[in-house]
Amino acid sequence: MKNSLRKISRGTGLSAAVLGVSALVLSGCGAPPAEESSGGSSAAANPDYLGCIVSDSGGFDDRSFNQSSYEGLKKAEADLGIKINQAESQAETDFGPNVDQMVQAGCNLTVTVGFLLADTTKAAAEQNTEANFAIVDDNSIDLPNVKPIIYDTAQAAFLAGYAAAATSETGKVATFGGINIPTVTIFMDGFADGVKYFNEETGGDVQLLGWDKESQNGTFVGNFEDAAAGKTNTQNFINEGADIIMPVAGPVGSGTLDAVIEANAGGKDIKAIWVDSDGYETAGKGEEFILTSVMKLMGDAVEDVISTDVEGTFDNSPYVGTLENGGVALAPFHDQEANVPADLQATLDGLKEQIISGEITVESAASPK
């Protein structure tokens, strides 16, 4: 199998008064007021620069990719001394009004978080060519003022799939998604390849529930908000024999943790794999049952893109996070480390290096081209 996987290896119509706004209070569409600079030695370095962000419907407290991106903006505030503003979307109908509010506020750069904001971001960028934009998890916009921030998540998910297969006691693992979109299925593809690689290399027969990579069909909740559905899906997988479950569904994943906590309280030994952020640090519950996490280091990328804009070196070439540049990674095992043999950790380290070198190639139709 070593060679059988293929590598995926500003605003028109704005008055001077609006553009000069430095303290903003936004209303509607869940947009909270701007926060004051957090201080520090560089807090006064760029007081006229306004960096902004718009979440998708998961909100900034999703313990996942919205939160990680927002933390990158906050770090830029502290490190670069910029002003910031944010708008939190409660539904897709908020996308347009929220992005428009950022434009009207005179934001130098607006970060939009998520594939679902692509159409809104493109329209705003076309109409406001003096403003810059960055979009997380989308590479469909080809405009000089839009910077894509994308990730070859399949690489890190491959490692998670291998780890899940290697530590499963029942011989069944599972994954499910929020919505069937590329930024979700890329995790599921990589996870499936990791399980398959384990089976082919070790002679194992671990089954993957919830996703068929070949047909691109599987289990999806249909949104990123319904934690109850996440719990039900997880319970169904547990009833089918899966003992490790990876939700790729933002806040829906909290339902998976509820199901895992309940199952373990009832005498089972069930684990979860988190995505986007290190769930051990961000999930807020069930940390002891999280085997690992497939991380996208979005905060680092957001701060870096803002920094280039502050310095006047912004460009529209995509940032692509990989295992090699540290944009994606497998999180530490934390409380589960005792359940991960030293030889498995060594194997995972070796697999990571083989992916980086190209000896092992990981393919998803959703991977950056």
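Leaving aside neighbours within four places in sequence, which residues is Ile306 in contact with?

1. Ile306 is in contact (heavy atoms within 4.5 Å) with Tyr49, Leu73, Ala76, Leu80, Ile82 and Leu109, once neighbours within four places in sequence are set aside.

2. This is a predicted model, where local features need pLDDT of at least 70, side-chain atom pairs count only at pLDDT 80 or more, and totals for chains, interfaces and linings use all residues. Residues are numbered from 1 along each chain as its sequence is written, and side-chain values use heavy atoms, with hydrogens and water left out.

3. One disulfide (a pair of cysteine sulfur atoms within 2.5 Å) is present; Cys52 and Cys107 form this bond, S to S 2.0 Å. The torsion about the S-S bond of Cys52 and Cys107 is about -80°, so the disulfide is left-handed. Both Cys52 and Cys107 are buried, meaning under 20% relative accessible area, with exposed over 50% and partly exposed in between (1.4 Å probe, protein chains only).

4. The whole structure contains 10 salt bridges, each a side-chain nitrogen of Lys or Arg within 4 Å of a carboxyl oxygen of Asp or Glu. One of them pairs Lys75 with Glu303 at 3.4 Å, N to O. Lys75 counts as partly exposed at 42% relative accessibility, whereas Glu303, at 14%, counts as buried.

5. Lys296 has salt bridges to Asp137 (2.6 Å, N to O) and to Asp276 (3.5 Å, N to O). Lys296 and Asp137 are both buried, and Asp276 is buried too.
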